[in-house]
Amino acid sequence: MDFIPYLSALAAVAGLVLALYFFGVVKQASPGSERMVELMNAIQEGSRAFLRREYRAIAIFVVILAVAIAVALPNGVLSAVAYVAGAAFSALAGFIGMTVATMANARTAEAAKSGAQVALPLAFRGGAVMGFSVAGLSLLGVAIAYIVFVDVLTLDNPIQVVTTYSLGASSIALFARIGGGIYTKAADVGADLVGKVEAGIPEDDPRNPATIADNVGDNVGDVAGMGADLFESYAGSLIAPIALAGFAFTGPFQAAALLYPLAIATFGMFAAIIGAFTVKTGPDASGRDLSAALHRGTNVAAGLTVLLALALGYWLFQPITDRWWGFPVAVIAGLLAGLAIGKLCEYYTSDHYQPVKDIAAASETGSATTILSGIATGKISVTGSVLLVVVAIAAAYGATEFALPDLANSGIYGVAISGIGMLATLGVVVATDAYGPIADNAGGIAEMAHLDPKVREVTDELDALGNTTAAVAKGFAIGSAVLTALALFVSFQESIRASGGEINLSIADVDVFIGLFLGAMLPFLFAALTMNAVGRAANQMISEVRRQFREIPGLREGKEGVVPEYAKCVDISTGAALKEMVLPGSLAVIVPLVVGFISVDALGGLLAGVLVTGFAIAIYMANAGGAWDNAKKSIEGGLYGGKGSDAHKAAVVGDTVGDPFKDTSGPSMNILIKLMSIVSLVLAPWFIA
């Protein structure tokens with residue numbers, strides 16, 4: 001069994017090699033005309049410039065927290081090293097994904113000239129570079145941390161050190177998601193409201209000054225930010241059961257419980273690699289064929305993971321209990337719940353199904369009914385997602401409790417490993433998510449380079465599918481956040497006790513009750529802060545776009561030789577994102593820190609409250625936003641009068657409301673849940689001391 005961490009590192013390297021291979025495939029494709037290359041380079045330079053400034057700003061926070069960890073915790077210097085490593089790997093994954101996405105956009109637009117069956121595999125491979133970079137670097141970091149701190153060094157509490165790797169990943173993820181989300185949605189809202197609604201010009205028209213900023217935003221928010229988000233989701237899902245095993249168990253079961261998560265992730269990586277090669281389409285592929293091609297990769301990887309979970313469960317747990325199958329059942333429960341949540345998200349956000357059709361129909365009677373319909377759709381979608389997660393928790397808990405009924409916390413361990421099942425095939429899941437922004441950018445380049453309208457029709461079809469696959473990936477991330485956070489919550493309790501403290505989580509205790517209400521409040525406050533940040537940045541963008549249309553002669557009319565001042569809009573989004581991400585991002589660390597020093601009982605209540613309301617809000621916002629976006633796209637495809645109609649204008653308003661829902665506030669919620677949990681776990685000895 002001791003070789004498993006080393007095999008994990010090998011699997012991670014295999015994932016990174018596949019990412020390198022796909023990078024070569026994308027790079028070899030033609031980027032198109034000189035104008036397309038010029039646009040691609042402008043988007044790439046804007047994305048790199050923002051990421052450099054964002055990472056410099058985040059680095060200050062990372063250094064401060066690393067110093068605090070080094071001073072305050074046992075094995076503090078090693079913990080600080082693990083923390084910085086988690087942050088660095090997360091940042092690197094985001095940078096790699098953004099780099100290849102900005103290469104793949106023009107190449108996908110060029111490929112779209114030959115049809116969707118050529119463009120889709122290329123865009124997917126661009127996304128796969130991101131997917132396997134995220135999964136590979138995350139698994140590699142956890143494996144190395146385990147090998148160094150558990151196997152090589154003889155530390156008093158090595159698992160406490162390993163958990164700080166996840167804290168580093170979460171720190172980068174939250175700021176990257178918020179900052180990137182504010183950037184992209186400020187540009188998107190400004191471009192849409194002034195360009196489409198007021199000026200009546202098409203989306204991504206080169207006359208619109210916010211167009212380049214909008215396309216840059218797709219990469220820094222929906223690629224780099226999303227990559228950092230899923231990087232920490234994967235790391236957290238691995239470390240949560242490892243931490244629980246380290247704090248709560250002893251003896252032979254502890255050894256198996258520590259290694260089973262790494263074993264699942266290892267073979268899940270190989271399954272994802274196989275799944276990635278199954279994504280392809282035939283000639284004359286329809287929208288449903290394209291969707292089936294993307295889902296095929298995820299489904300193949302999931303099927304292989306089920307078989308591997310059973311084999312690994314038998315190998316590791318059969319010597320301990322005759323009911324060894326309880327542990328792979330827990331993993332399979334998480335995997336099936338993830339797939340089911342993904343299908344549910346697809347139902348509520350795809351234009352092939354009734355909810356999006358109803359929102360599009362509501363646009364005929366104006367913006368108010370569009371917004372009402374989208375809000376209702378998002379809130380209804382929470383019901384099914386909650387029920388699926390509850391069933392997964394009950395199944396995972398019951399299976400492992402039945403396997404080892406006399407072992408305390410065996411059921412919670414089952415819940416923890418179900419989170420790994422949900423994200424075991426992360427490489428291919430992220431690939432289908434990152435594919436979306438590439439397709440979106442390809443459409444923008446097609447419009448700005450004045451390619452044949454048929455090219456834009458192909459990229460729009462790919463982009464609409466991308467909205468759905470993004471919602472599916474968000475469902476995986478949010479669902480895993482609940483399962484991971486529950487395991488981290490129990491690990492936090494055990495860490496408090498291991499540090500010589502006591503914790504009471506009875507709701508009848510006034511400290512716990514107060515903490516519960518504070519926790520329930522925080523996701524609402526967090527959502528409000530991030531949405532207001534988008535609103536303020538969008539106001540600046542709208543004013544700037546209006547000014548340029550007003551003051552630059554011939555711009556609105558498209559006079560030859562008249563070019564907008566793109567750089568000013570890029571600068572507005574950059575400055576606003578960096579300024580506005582500080583307060584909501586800091587809340588996730590400062591609040592548990594302050595409450596933990598006052599009362600660990602209150603902190604326990606706080607974490608419970610954040611977990612419940614944060615999950616519900618995240619699902620609601622992600623699905624409502626995706627539904628609004630695809631309702632708009634279905635009208636742009638010709639329904640209810642098509643582009644320029646009153647229904648289209650109403651749908652654009654709904655989409656601009658949904659933009660911060662699905663790409664800023666909603667996806668940041670699952671990071672908030674886990675970051676607060678991991679901060680509490682890592683700093684538990686400090687609270688007691």
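Reader: Is the crossing of H11 and H12 left-handed or right-handed?
Author: In this predicted model, local features need pLDDT of at least 70, side-chain atom pairs count only at pLDDT 80 or more, and totals for chains, interfaces and linings use all residues. Residues are numbered from 1 along each chain as its sequence is written, and side-chain values use heavy atoms, without hydrogens and water. Helices are DSSP runs of H or I with at least four residues, numbered from the N terminus, and a crossing is right-handed if the near helix is turned clockwise from the far one by less than a right angle, left-handed if anticlockwise. For H11 and H12 the crossing is right-handed.

Reader: At what angle do helix H11 and helix H12 pack?
Author: Axes are lines fitted to C-alpha atoms over the stretch in contact, and angles run from 0 to 180 degrees between N-to-C directions. The axes of H11 (residues 367–403) and H12 (residues 410–423) lie 7 Å apart, and the helices pack at an angle of about 130°.

Reader: How are H4 and H7 oriented to each other?
Author: Helix H4 (residues 116–152) and helix H7 (residues 251–276) have axes 11 Å apart and pack at an angle of about 160°. Angles over 145 degrees count as roughly antiparallel, and H4 and H7 are therefore roughly antiparallel.

Reader: Is cysteine 569 buried or exposed?
Author: Buried means under 20% relative accessible area and exposed over 50%, with partly exposed in between (1.4 Å probe, protein chains only). Because its relative accessible area is 0%, cysteine 569 is buried.

Technical notes:
Helices (H or I, at least four residues) and strands (E, at least two) are DSSP runs, numbered from the N terminus. Angles under 35 degrees count as roughly parallel, over 145 as roughly antiparallel, 65 to 115 as roughly perpendicular and the rest as oblique.
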